[in-house]
Amino acid sequence: MELNFISTGESMTKRTKRIGSRCLRFGGLLSFVLVLSPLLLHGDEPYARSRNYDLQHSRIALRFDLQDKKVIGDVTHTVSLLREGLDELSFDSVGLQIENVRVNKSEAKFETTDKALIVRLPKAGKLGEKYDVEIRYEAKPTKGLYFILPDKDYPKRPAQIWTQGESEDTRYYLPTYDYPNDRLTTETILTVPSDWLTVSNGKLINTTDAGGGMKTWTWRESLPSSTYLFSVVAGEFVEWKDSWRNVPVTYYAPKDRADRLAANYNRTPAMIEFFSKKLGVDYPWEKYAQSMVDDFVAGGMENSSATTNTASSLRHPRLVPEYPHDEDGLISHELGHQWFGDLLTTKDWGNIWLNEGFATFMEFMWTESHYGKDEGDYERWDSMREWSLQHNLYAKPIVRRDFDDSSEFDGNAYGKGALVLSMLRRQLGEQGFYASLKHYLEVNRGKNVVTADLTRAIEETTHTNVDRFFDQWVYGAGAPQFEIAYQYDADRKQVALHVKQLQKIEERVGLFTVPVEVEITNTTGPKLYPITVAKPDETFTFPSASAPQLVIFDKGSQVLKSADFKKESREWIYQLKNAGELADRADAAVALGKLKGNDEAAAALGEALRNDKGRGLRVEAAKALGEMGGPAAAKELLNALASTEEASLKSAIVQALAAFKDNAEVAAKLETVAGKDGSYRAQAAALQAIGRLKSARAYDILVAAVDGDSPDGFLRNAALRGLGSLGDDKAAPLLREWTMPGKEFSSREAAIASLARLKKDDKEITQLFAGYLKEPHFPIRTSAIFALGTRGDASAIPALEAALNRDDLSIEMAPMIKSQIEHLKNSSAPGGAHGGAGSGSASSEKNPGDQRLVHLEQLVQEMNDRLKAIEGRLPPAAKPQGLR
Ligand SMILES: [Zn+2]
């Protein structure tokens with residue numbers, strides 16, 4: 001699963017961001033982070049169950065009552081007993097109304113609990129005995145299966161039904177064995193309106209007229225997979241057909257977005273070919289379908305042979321050229337899962353990295369092969385940095401069972417998992433690594449796996465013992481924190497490199513033993529020395545005929561670590577200009593960004609921003625100049641902006657410029673870009689920037705941009721957000737208008753967040769938001785909850801409490817509401833907390849000259865996007881009745 005939200009906003013520097021990532025980066029918004037943590041509460045079973053029976057095949061017939069948002073099911077499970085004398089079968093079943101159960105075609109006794117359907121067998125069975133259990137039932141699912149339908153405010157929405165099983169939600173619409181450690185084949189029979197399309201796992205067998213304007217579709221999956229990978233998508237979709245080596249490759253979009261499929265997804269067959277060749281195991285399923293659905297609860301989900309992705313991945317064709325990798329991250333991730341996750345499936349949630357770490361690693365693989373080494377290295381370097389900033393992940397090992405209070409789908413399973421695989425690749429070598437993966441895939445094909453299966457496959461293939469590696473990186477927690485310095489001894493002609501491991505050795509975090517390459521450059525050129533670091537404090541000596549111009553520890557940043565390397569600014573400048581690996585130049589850019597007032601550093605960063613061959617490095621140079629601040633840095637950014645046409649880079653430069661308060665030239669330039677630019681991304685970034693900077697013409701420009709036309713309201717939404725940062729109450733009526741039902745959801749969310757920051761004494765606005773709490777559309781409700789927190793108006797407490805008491809409330813939403821109530825209670829008390837718990841904190845705006853404010857606003861924006869990601873995971877259909 002890719003827990004991504006694909007942002008249409010401009011604050012996210014990367015195309016996608018994962019849930020569980022970026023958490024504690026935002027020290028200033030710590031309370032917000034803490035607020036968010038409980039949302040990840042899962043309570044999934046950490047250990048695989050002991051099984052009483054083997055579910056071998058399910059024939060699943062579903063009809064739908066659209067009026068009542070009901071599913072009407074008739075499922076027949078074929079099971080084989082795994083215990084002698086078993087006299088009952090238990091199926092996971094939550095909220096299902098069981099009408100009737102038959103065992104081998106005879107009526108059977110059954111009982112239900114809040115979690116299970118227990119079916120009595122006619123007599124105690126024998127080991128290996130087979131039974132057909134037919135269950136007829138109805139349900140109004142609160143999870144697992146979602147109805148997205150048109151309503152009075154959104155009458156043109158294409159109707160859609162889709163499911164999301166992972167991790168343990170299939171049981172909300174289908175009584176079944178709902179844990180990964182069993183695999184079955186399926187036949188899915190869907191009866192839907194005759195003008196709808198359907199998609200499910202496996203091959204389409206046939207469609208038949210069901211009468212009354214209905215049609216029945218039959219799908220059959222002959223390769224076994226687990227129930228969390230079962231999928232149903234049905235609705236008013238359009239299909240685009242392609243193929244890979246005669247395997248059907250199909251794509252589905254809501255019927256009003258047909259033109260977006262090819263624009264965003266056309267590299268899929270090339271990816272299937274690349275992965276098949278690289279892994280040495282061909283794509284295993286009978287077809288590959290990707291269905292893009294509205295209001296999806298995740299970024300994407302790798303259902304076997306039938307991935308479901310968010311329709312946000314259908315970027316407007318006019319915006320596509322501005323995103324260098326477009327949606328390839330999401331597409332390659334879910335495709336990678338078809339091998340790692342679907343063909344081989346984690347046995348339990350504790351080993352989920354075997355699914356997610358690999359899928360994330362496959363993203364790196366695709367980027368490197370299709371976009372080149374520099375882009376691949378940049379993605380890996382950026383993931384490393386991102387992981388290092390999430391302090392909450394540090395103490396947790398990748399394989400763990402204690403995820404009651406935080407999701408196992410975290411930045412360790414995804415980012416760290418992928419980085420660990422990258423390190424393995426480096427240490428085993430290209431041939432040994434991929435041969436090991438091929439062996440791992442072939443030996444475990446169609447089976448459930450644990451981490452030991454991977455280590456065994458590696459050792460059988462390469463005869464390299466990797467126990468220490470897995471102990472420290474997978475079963476152990478953290479990563480080394482190095483402090484590094486060196487001296488040159490001219491008499492001995494030696495470089496002495498001092499390396500300390502500063503991480504606190506406690507609980508699961510130990511001392512690391514890691515191979516690293518040290519590169520020493522002197523007048524005779526660069527020379528590479530492999531060493532192994534293993535002690536808390538070590539000194540390594542290397543020959544060098546002259547004083548080095550540059551010493552690099554861990555060339556190319558191969559090891560997951562943090563490193564504080566004490567270097568003079570001239571050496572960092574030399575490194576930025578001359579290091580061969582992008583990762584080393586990027587480290588130099590970050591280091592130079594911290595040297596405020598150093599004009600030489602600014603000039604070097606400016607040159608890198610204009611001329612480095614790596615796009616990612618240029619983006620990092622822009623960020624570093626923004627971090628540095630001051631007139632020299634501003635000048636470099638302005639010069640670079642004038643000379644680049646590349647949209648992702650322009651956008652990065654504009655975002656960096658938003659940090660320069662009280663610089664008239666910057667403000668004027670940003671106003672120009674905000675008014676008109678060849679790049680939508682740059683223009684959107686500028687609209688938000690002038691709001692933050694409160695530039696002279698900001699109000700007029702932002703209001704004009706709200707009225708303007710752009711693909712998917714891209715510029716309008718940026719302008720609506722900019723008006724919130726600007727904080728001018730004049731904008732309230734306009735923002736209010738854009739919060740209203742019937743407007744595009746993305747514009748409503750932007751307008752609600754911004755209006756929350758204006759006219760804080762206006763009770764009418766508070767009442768308006770309180771009304772939005774009752775809407776069925778999940779992102780609007782979430783926006784309203786946080787908007788009420790932002791306003792700090794305690795009169796909203798009863799409305800929030802009423803929302804909390806609704807019996808249809810999803811469990812994830814409760815902590816969000818509670819935290820806002822708590823916040824409102826505290827802030828209304830004398831000396832209470834400042835700012836919204838989790839939204840724009842207006843109290844810090846009293847110090848407009850403070851650069852921290854700019855940072856804070858950027859953080860709030862990023863947090864808003866992060867919040868959207870979480871919104872994306874929460875079930876929108878928790879409401880039985882409503883607007884859609
Ligand atoms: Zn995934």
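The structure is a predicted model, with local features taken at pLDDT of at least 70, side-chain atom pairs counted only at pLDDT 80 or more, and totals for chains, interfaces and linings drawn from all residues. Residues are numbered from 1 along each chain as its sequence is written, and side-chain values use heavy atoms, with hydrogens and water left out.

Strands here are DSSP runs of E with at least two residues, numbered from the N terminus, and two strands pair if DSSP finds at least two bridges between them. Three strands make up an open antiparallel sheet in the order 5-9-8. Its edges are strand 5 (88-92) and strand 8 (110-112), each of which pairs on one side only. On average, neighbouring strands of this sheet are turned by 15° against each other, direction ignored, with axes fitted to C-alpha atoms and angles running from 0 to 180 degrees between N-to-C directions. Strand 5 is joined to strand 9 (residues 116-120) by five bridges, and Ser90 sits opposite Ile118 of strand 9.

Strand 6 (residues 97-103) runs antiparallel to strand 10 (residues 130-139), with six bridges joining them; Gln97 has Glu138 as its bridge partner. Strand 6 also pairs with strand 7 (residues 106-107), again antiparallel, over two bridges, and here Arg102 stands opposite Glu107. The hairpin of strand 6 and strand 7 has two residues between the strands, and Asn104 takes a positive phi near 50° in this hairpin.

As for the loop residue, Arg492 lies between strand 25 (481-489) and strand 26 (494-501). Arg492 counts as exposed because its relative accessibility is 61%, the cut-off being over 50% with a 1.4 Å probe and protein chains only. Arg492 and Ser544 are 52 residues apart in sequence, with 8.9 Å between their C-alpha atoms.

Definitions and conventions:
Helices (H or I, at least four residues) and strands (E, at least two) are DSSP runs, numbered from the N terminus. Buried means under 20% relative accessible area, exposed over 50%, partly exposed in between (1.4 Å probe, protein chains only).
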